[in-house]
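Biologist: Could you take me through how the parts of this assembly meet? I would like to begin with the domains and then turn to the chains.

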Amino acid sequence: MPVREPVSKVHVEPPAPQKLTGRETVIRALINTGIGAAAFLITCAGLRIALPFPEIDGGVSQKFRFFAAHKDEFDTLFIGSSRVYFQISPAIFDRVTRKRGMATHSFNFGVGGMYLPETAYLLEQILDLKPRNLRWVFIEYDEMQTKWSPENQTSRRALYWADWKRVSLLLRKLTDAGTDPLWRPNPTKLRDIVLREEDEKNTRSLLAFYAGQFEKNYANFARAADVLDYFLSRDTKKRRASYLGTASDGYVIRPGQMSPSQAAVYERALADAMAQPRTRPLSSYAVEAYRQCATEVRSIGATPIFLITPNTPQINIATENTGLPSVVMAFNNPRAYPSLYGSNAHRDGQHLTKSGAEEFTRMLAANFVELARAGEVK
Amino acid sequence: MTFVEFRFLWFFLLVFIVYWTMRTNTARKVWLLLCSYAFYAAWNWKFTFLLLGSTTVDYIVGQALGRCESPSWRRFWITASVCVNLGVLGFFKYFNFFVSSASQFLAWFGLPASTNTLNIILPVGISFYTFHSMSYTIDVYRRKQPPVSSFVDLTLFVSFFPPLVAGPIVRAVYFLPQLVSSRRFSGVDVRGAVMLFLSGFIKKACIADGLAPTVDRYFAHPANFTSTSAWIAVLFYTIQVYCDFSGYTDMAIAAARLLGYQLPNNFNFPYFARNVSDFWRRWHISLSSWLRDYLYIPLGGNRGSRGFAYRNVIITMVLCGLWHGAAWTFVIFGALHATALLIHREWIRLTEGLKWAARIMRWFAWPITMYAICFALIVFRAQDLSRAGTAVKQFALFCGGGNEHFHRWLFFVIGTLALIHWLNYRRWFGESWRRWPAPVFAAAYGCTFATVLLFVPPHYTPFIYFQF
């Protein structure tokens, strides 16, 4: 292929430099930098408004799109991790409440691996859709997670929720800065972070990671890939069904049971957990996040209900004096709910089997109706 | 910390503002030196001592060379400098490779040897700063460069952060004179620099990182893919490696320019080269010219018999391959380029004055050159020789492979990128932005950068040349 020498089509002489004093040069440079920065920030904000909800793995987008399309059909919502996703069947819940004279239509917005602060962000997005008939929102009650596995740190899932409201709480928790408007990082903790002391070995990189996530999220990093994914029809019917379940209510059955050896390990862990007092409170940062969630839920006229599912790691979480202005429905007492803690009802320490999940849903619905009748849940 | 991370932006803003606020040249140089070491320490602070040690040795050698006139002593000092520099490079980069290769070689002859490899971490950018440093002592030895009296100047030259970890390889004669006088902000082409940075950012963060997953998927298991997919992956890699490396270089040159320093150009549209010799005049120019001046010519260059000159080409190119990494794939990459260079030389010699040959080459020179480049890049990218063999078979002979395939519309992506590159080669994009009023330019730049970030893939792929 013959190639000619490059020809300059547009030859533009750079403008003749103006004679400016040093002070004028600095002022002009500062003004122009300010204009550039403002244009950058405004464009980011504008694009953020214009772009659709991101394509997030694990069923987040599928569930969100489905809920957005049917938002006025549901009056009850469950949101949380896999402990909600695979353990609460809206069909059973609605059947029980109907039988007891308090009909509901519920949707399970549980997503595998979704904890605070991701839950809080997603709940805010759901409430922004203004679902007119939503009356009760069950929010999983658990500690705020600050750790992300390195292999998931570059995923879109680790990015889409990282707005300032969420990231600031994480940064506060990591530096123990309290929940007051004025940040007051704990000096001892700061020293340990800087010196990478034993307990704070990875805190420095976590702080950098979350600050970076906030910047990336604000600047809409990688959002073109979302649009591309959306138009490439990754969201097929089959894929949607895999997250929404056969009844399109967000509940997916997870088969499987523990082997005898796994059951023995489970029984030991259960006994250990039961031997400890049930006094472990959540951090003030998690409580603050839940308080924000409760306020937002109430602002659309719904009632927040916090929920602890039956699982061994949460057995010793304190459910009294939580500091929340809402009900906490706690199933973390094996003595009160022995049928939910038998090894035949569990797939592992954190998840129930299909029959265990159905039993749990029935109990949840029955307790909920009783609380509603008693006027504790309005 | 890399140029495509937000934290680099904050780091650079701090460096830039404090640098231009300082009044004296010495203060600025000390500030830049501290920042450069901080930049390097962001990877592994322990290796800053290695960097400092290497620089100190070359400073002492430079001083000694400046003082002594005796040829034998001068030879001693330069040998000491080269041995120390190459010794450090050889230990950190090649020790395990040579030990395991020697062991395999002995085992081949039925002499099994127990070998102990060391758990050595490769200091990032060691190949680059070793060559920066060596250029100083060699140029002082050749009396092309007077020895610098200021330790700060030499340390800053070796550790100057923009080209520190992935080039371009800067020579002492090019950079040290720039440190003598104070830089003036009025002499900085800010617009040109920020546009160059944006162009480098797009090349690396959007194009190279966008293509990386497809390339990685193919080269992890080439045997699973069809020949068409092999072509897609190889062409993708050809684009990726160029955009990755030239993107880094653009950003490094831009960052240096914003601080008032010039770095040498490293790329000149290498994929428009019409022969392999031309390719090496356009690709990683700072390395190829370094090897030419400090290795090929001292070996004898083109002087002497044809065989002697060919030997020099082979040695230079094999070492060039080995410079890229401690693996046989890189050695073969160098050997392939040496072969291509020799074939080209022979063709020129045999067809001199033949019009038909010139006519043929008018049409076929470019595709043949590109094919040879792609072919060599397969070996360069492959994780081991067996996978390189599979990929080469699929690419060159259209045989072997499995059923997995990439979408054919990826050829459209290749075509689009090639078209944009060609238009840029023909200077189609122009530089009309230079005429825009400054506030308009600033606003447009901010909007463009915000839009570009949309196209950055969610995963981050490290710079390919960081490992070298």
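**Domains and chain contact**

Modeller: In this predicted model, the domain assignment divides chain B into domain 1 (6-182) and domain 2 (190-455).

Biologist: What distance separates the centres of the two domains of chain B?

Modeller: Taken over C-alpha atoms, the centres of domain 1 and domain 2 of chain B are 26 Å apart.

Biologist: And how many residues does each domain of chain B give to their contact?

Modeller: Domain 1 of chain B provides 20 residues and domain 2 of chain B provides 19 residues.

Biologist: Which elements supply the domain 1 side?

Modeller: Those giving two or more residues are H1, helix H4 (71-108), helix H5 (126-141) and helix H7 (161-164) of chain B. The largest share, four residues, is that of H5(B).

Biologist: How do the residues on that side divide by type?

Modeller: On the side of domain 1 of chain B that touches domain 2 of chain B, 15 are nonpolar, four are polar and one is charged.

Biologist: Now to the chains. How many residues does each of chain A and chain B bring to the contact?

Modeller: Chain B contributes 37 residues and chain A contributes 38 residues.

Biologist: Which elements of chain B are involved there?

Modeller: Helix H1 (6-21), helix H15 (355-381) and helix H18 (438-452) of chain B each give two or more residues to the side that touches chain A. H18(B) has the largest share of that side, with ten residues.

Biologist: What is the residue make-up of that side of chain B?

Modeller: The side of chain B that touches chain A comprises 23 nonpolar, six polar and eight charged residues.

Terms used:
Residues numbered from 1 in each chain as written. Chains lettered and ligands numbered in written order. Predicted model: local features only at pLDDT ≥ 70, side-chain atom pairs only at ≥ 80, totals over all residues. Contact = placed C-beta atoms within 7 Å. Nonpolar A, V, L, I, M, F, W, Y, C, P; charged D, E, K, R; others polar. Domains from an automatic or database assignment.
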